[in-house]
Amino acid sequence: MPGKTACFTIAGLTVLGTISQTAAGGRAVECFEPVRSPAVYDTVYEDVMISPPGQQVDYIAPIYGTRERVVMTVPAQVTYQIVPAVTRTVYRTVRVDGGGYSWEWRVIHGRKVLCKVWHKARYERVAKTVVIQPERTRRVVIPAQYDRIAQEVLVRPEQRRVIDVPAFYQTVARRVLVREGSSGWRRVHIPRHCQD
């Protein structure tokens, strides 16, 4: 008896569409139940580009240093100087008056008389400048003047480095529909002993 009740319960649930006929006393010949197939999804992993490839340019500034060098500040010059003559003073005795007789007026005993007078020769010491070395022109060379100066020099020029930056990808998971869900009917097999 319990088996019979179970069969009726199953049959009652599966043949709702024909309950009126069953209730009316008819016998179920063929039964169907609604069936719904869910949609089927799958997870797909794919690489997505986050940033495209490109180039990065790095600049390295130039390096300067200081170098000392000797430079000519005043060039050599040639001038001419006048060297004065070299002289010497020489003394000698010369006769300035040869002496001899001359006539002179004199006053003797109150009377003015003309007298013949004897004179001795007269000598004097005379200075004379003698040129020992004449005046001349001398060539004078003034040497060049040099100085040490600090000069800025380029030690290393500016450098540029180009770096290739690859594209950046990231793996992302995405749900995709493999098969859409469907609905339909499925035939239900009713055991023979349940049909009575």
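Val48, Ile50, Phe168 and Val172 together make up a nonpolar patch on the surface, with about 320 Å² of accessible area between them. Patches of this kind are built from residues with over 30% relative accessible area and no salt bridge, nonpolar side chains (Val, Leu, Ile, Met, Phe, Trp, Tyr) being joined within 5 Å and like charges within 9 Å. The model is predicted, so that local features need pLDDT of at least 70 and side-chain atom pairs count only at pLDDT 80 or more, whereas totals for chains, interfaces and linings use all residues. Residues are numbered from 1 along each chain as its sequence is written, and side-chain values use heavy atoms, with hydrogens and water left out.

**The nonpolar patch**

- Strands β2 (40-51) and β13 (168-179) each contribute at least two residues to the nonpolar patch; strands (E, at least two residues) and helices (H or I, at least four residues) are DSSP runs, numbered from the N terminus.
- Phe168 belongs to strand β13, and with a relative accessible area of 46% Phe168 is partly exposed, a class that lies between buried (under 20% relative accessible area) and exposed (over 50%), with a 1.4 Å probe and protein chains only.
- The accessible areas come from the Shrake-Rupley method with a 1.4 Å probe, and for residues only the protein chains shown count as cover.

**The β7-β8 hairpin**

- Strand β7 (residues 100-108) and strand β8 (residues 111-119) run antiparallel and are joined by nine bridges, where two strands count as paired if DSSP finds at least two bridges between them.
- Two residues separate β7 from β8 in this hairpin, and His109, in the loop between the two strands, has a positive phi of about 50° although it is not a glycine.
- Most residues other than glycine have a negative phi.
- His109 counts as exposed, because its relative accessibility is 81%.
- Trp103 has Lys116 as its bridge partner in β8, and the charged end of Lys116 sits over the ring of Tyr101, 4.8 Å from the ring centre.
- Lys112 likewise lies over the face of Trp105, at 5.0 Å from the ring centre; a charge sits over a ring if NZ of Lys or CZ of Arg is within 6 Å of the ring centre and within 35 degrees of the ring normal.
- Trp118, found in strand β8, is exposed at 53% relative accessibility, and its C-alpha atom is separated by 5.6 Å from that of Gly100, 18 residues apart along the chain.

**Salt bridges**

- A search of the whole structure finds seven salt bridges, each defined as a side-chain nitrogen of Lys or Arg within 4 Å of a carboxyl oxygen of Asp or Glu.
- One of them joins Arg187 to Glu30, and the closest N and O atoms of this pair are 1.5 Å apart.
- Arg187 lies in strand β14 (residues 182-188) and Glu30 in the loop between α2 (19-23) and β1 (31-37), so this pair ties together parts that are 157 residues apart in sequence.
- Of these two partners, Arg187 is exposed at 56% relative accessibility, while Glu30 is partly exposed with a relative accessible area of 39%.
- Glu46 and Arg174 meet through their side chains in another salt bridge, at 3.0 Å from N to O.
- Because Glu46 lies in strand β2 and Arg174 in strand β13, the pair ties together parts that are 128 residues apart in sequence.
- Glu46 is partly exposed, with a relative accessible area of 32%, and Arg174 also counts as partly exposed, at 41% relative accessibility.
- The side chains of Arg122 and Glu124 form a salt bridge at 3.3 Å, N to O, in which Arg122 is partly exposed at 43% relative accessibility and Glu124 is partly exposed at 38%.

**Contacts between residues separated in sequence**

- Arg179 is placed in strand β13 and counts as exposed at 51% relative accessibility; its C-alpha atom and that of Pro38, 141 residues apart along the chain, are separated by 8.6 Å.
- Val141, in strand β10 (residues 136-142), is partly exposed at 47% relative accessibility, and Val141 and Thr79 are 62 residues apart in sequence and 6.4 Å apart in space, C-alpha to C-alpha.
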